[in-house]
Amino acid sequence: MSDLIYGLDFVTEDRARSVTTERRPVRIALILIAVAFLTIFLLLPLVSVFSEALRAGLGAYWEAISEPDALAAMRLTLLVAAIAVPANFLFGLAASWAIAKFEFPGKSVLNTLIDLPFSVSPVISGLVYVLLFGLQGYFGAYLQSEGIQIVFAVPGIVLATIFVTFPFVARELVPLMQEQGIGDEEAAISLGASGLKTFLFVTLPNVKWALLYGVILCNARAMGEFGAVSVVSGHIRGKTNTMPLHVEILYNEYNFAAAFAVASLLALLALVTLVVKVALEWRFADQISASGRH
Amino acid sequence: MAGARGLALKRPSALPGFGLALGFTLTYLSLIVLIPLAALILKTASLGFSGFWEIVTAPRTLAALRVSFVISLIAAAINVVFGVIVAWVLIRYRFPGRRVLDAIVDLPFALPTAVAGIALTAIYAPNGWIGSWLAPLGIKVAYTPLGIGVALVFIGLPFVVRTVQPVLEDFEREIEEAAASLGANRRQTVFRVMLPALMPSILTGFALAFARAVGEYGSVIFIAGNIPFVSEIAPLLIVIRLEEFSYAQATAIAAAMLFIAFAVILFVNLVQAWQRRRFGQ
């Protein structure tokens, strides 16, 4: 029976049909399923952020994003990203130089450990710092006697953000630099360039787009992190509230329009990130890591 | 002699900077990741096994762990089905808007979880864009376990798509042609030749989506309703215990979560290794 149907198909549909693709109705059905799924699950939430943000009018929107607490949250978010991203940038450079350019025992273990923060829940990423630096934590008593506050203050927020964004730069650079090998660097050294010069003028230009790619993704996560930061922040308005935490507070106060207004700025950041990411992928596909995972 | 061996940590190389780079890497890794995680293990160990077990098997903890793991499994399974379809469509077919769809797949990576959480809640609330369609049918999504599932599908999707996509792109057409020339129809070629070869990447995507879903907090807490024993996820219970200053409780739940999540990932890796041996590559 099914043979008959397939046989008929062959005659009536298109004789020259490629054997490596599906029949036209199947193709159309699959495309429709994919489009519908992505629209409902991804596009609709994105559109709804802007729609809800503008529901109360442009005046209310402007007020929500220009009131002092919102501005303080924006400043803190920028400050945290301005520390966390360069820190992980430096780490990414050092780690990829060591892992990609040298052979040493324990390399694959090190590579695995770098990815570790990705498999830890954001909440746990915050919790570990509370266990270390909180009042009941291992260093709590000492810190208190010295008058240093880490948890429920800005340093804790920075640490938690560095933890969750830890692998972003390194994981873009390591595979690419491994693929590029050490030929260019050896040539530079043998021609008399110093180590630093080789690094700055040979290695860095080879990986600059991958570096930018990693930094963009790292920054998006650093500015948008919620769970880890929420645990260590203490939620002090105007002081330890980042933008995502400010969104939560407004939302829980049923101030939906203001919550979505601030959220729309974060959504805008996500859109810019996606655009830059796609532009880098189209323009420099061969110069950023070939692996599709981020 | 022994000293020389001890110094030769690495294979000789003409390039400088190994000591500095590795030293910085290990110091930074230890300070940011390893020591804090060691604190978690140390704290868990200080509870003793009976103390740990008592906390983890408390009814509310068990319920939260069950909600987190069961819904994460279901969400990851849904992501496998639709993620593979999306990857297939994006790689194999040409249609208008394909590149935009391809770019939008990464949205859950880029959009802050709290923003996703309130947006999904707005859509699925009884008066929302989708919620108002479902309400007459008696289906409630927001503030129920179903809402948790929706949020976890949202954040997990790119993991499956992005792991399957490159493998499917590199899949050799010759293999499909061989299957077809040996008399397989298209369905047989897809399900008995191609999908088994894609299985390791599909499993990897599943594991990544699952691991992310289990730990997810921001996008879930807004839509979940957070009713203990019904729609309270394990990460939220950790936060609640922390707010009560029950560090021991929070730590034990966190350790249990990490342990189960790593066990699942290890299991998937083993299955994957078995798959590779069986199907080659």
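A residue is called buried if 20 or more other C-beta atoms lie within 10 Å of its own, exposed if 12 or fewer do, and partly exposed in between, with C-beta atoms placed from the backbone. In helix 13 of chain B, the residues Ala234(B), Pro235(B), Leu236(B), Leu237(B), Ile238(B), Arg241(B) and Leu242(B) are buried by this criterion. The structure is a predicted model, in which local features need pLDDT of at least 70 and side-chain atom pairs count only at pLDDT 80 or more, while totals for chains, interfaces and linings use all residues. Residues are numbered from 1 along each chain as its sequence is written, and chains are lettered from A and ligands numbered from 1 in the order in which they are written.

Confidence in chain A was examined through pLDDT, the predictor's confidence in each residue on a scale from 0 to 100. Chain A has a mean pLDDT of 89, and 92% of its residues reach 70 or more. Within chain A, the lowest confidence falls in helix 1 (residues 2–12), with a mean of 42, and the highest in helix 8, with 96. Residues 1–16 of chain A stay under 50 in pLDDT, and the model has three contacts beyond four places in sequence for them. Residues 290–294 of chain A are also below 50, and this stretch has 10 contacts in the model beyond near neighbours in sequence. Two residues are in contact here if their C-beta atoms, placed from the backbone, lie within 7 Å. Where pLDDT is low, the predicted coordinates should not be read in detail.

The secondary structure of chain A consists of 14 helices and zero strands. Helices (H or I, at least four residues) and strands (E, at least two) are DSSP runs, numbered from the N terminus. Chain A has a radius of gyration of 25 Å, well over the 19 Å that the globule rule gives for 294 residues, so chain A is more spread out than a compact globule. This radius is taken over C-alpha atoms, and the globule rule is 2.2 Å times the number of residues to the power 0.38. The C-alpha trace of chain A spans about 85 × 65 × 35 Å along its principal axes. Of the 294 residues in chain A, 46% are buried. Among contacts in chain A between residues at least 6 apart in sequence, 75% join residues at least 24 apart.

Domain bounds were taken from an automatic or database domain assignment. Chain A is divided into domain 1 (1–53) and domain 2 (56–287), and the centres of these two domains of chain A, taken over C-alpha atoms, are separated by 38 Å. Five residues of domain 1 of chain A are in contact with seven residues of domain 2 of chain A. The side of domain 1 that touches domain 2 in chain A has four nonpolar, no polar and one charged residues. In this classification Ala, Val, Leu, Ile, Met, Phe, Trp, Tyr, Cys and Pro count as nonpolar, Asp, Glu, Lys and Arg as charged, and the others, Gly among them, as polar. For chain B the assignment gives domain 1 (16–46) and domain 2 (49–279), with C-alpha centres 30 Å apart.

The contact between the chains takes 80 residues from chain B and 80 residues from chain A. On the side of chain B that touches chain A, helix 2 (residues 18–46) of chain B gives the most, with 14 residues. The residues of this side of chain B divide into 60 nonpolar, 10 polar and 10 charged.

Helix 8 (residues 154–165) of chain A has 12 residues and reaches 17 Å from its first C-alpha to its last, close to the expected 16 Å. The expected span is 1.5 Å times one less than the number of residues. In helix 8 of chain A, 10 of the 12 residues are buried, among them Gly156(A), Ile157(A) and Phe163(A). The cover of these buried residues includes helix 4 (68–101) and helix 11 (195–224) of chain A, together with helix 2 of chain B.

Helix 13 (residues 234–243) of chain B is mostly covered, with seven of its 10 residues buried. Phe245(B) follows helix 13 of chain B and has a positive phi, near 65 degrees. Phe245(B) is partly exposed, with 13 other C-beta atoms within 10 Å. Tyr254(A), although not a glycine, has a positive phi of about 60 degrees. Most residues other than glycine have a negative phi.
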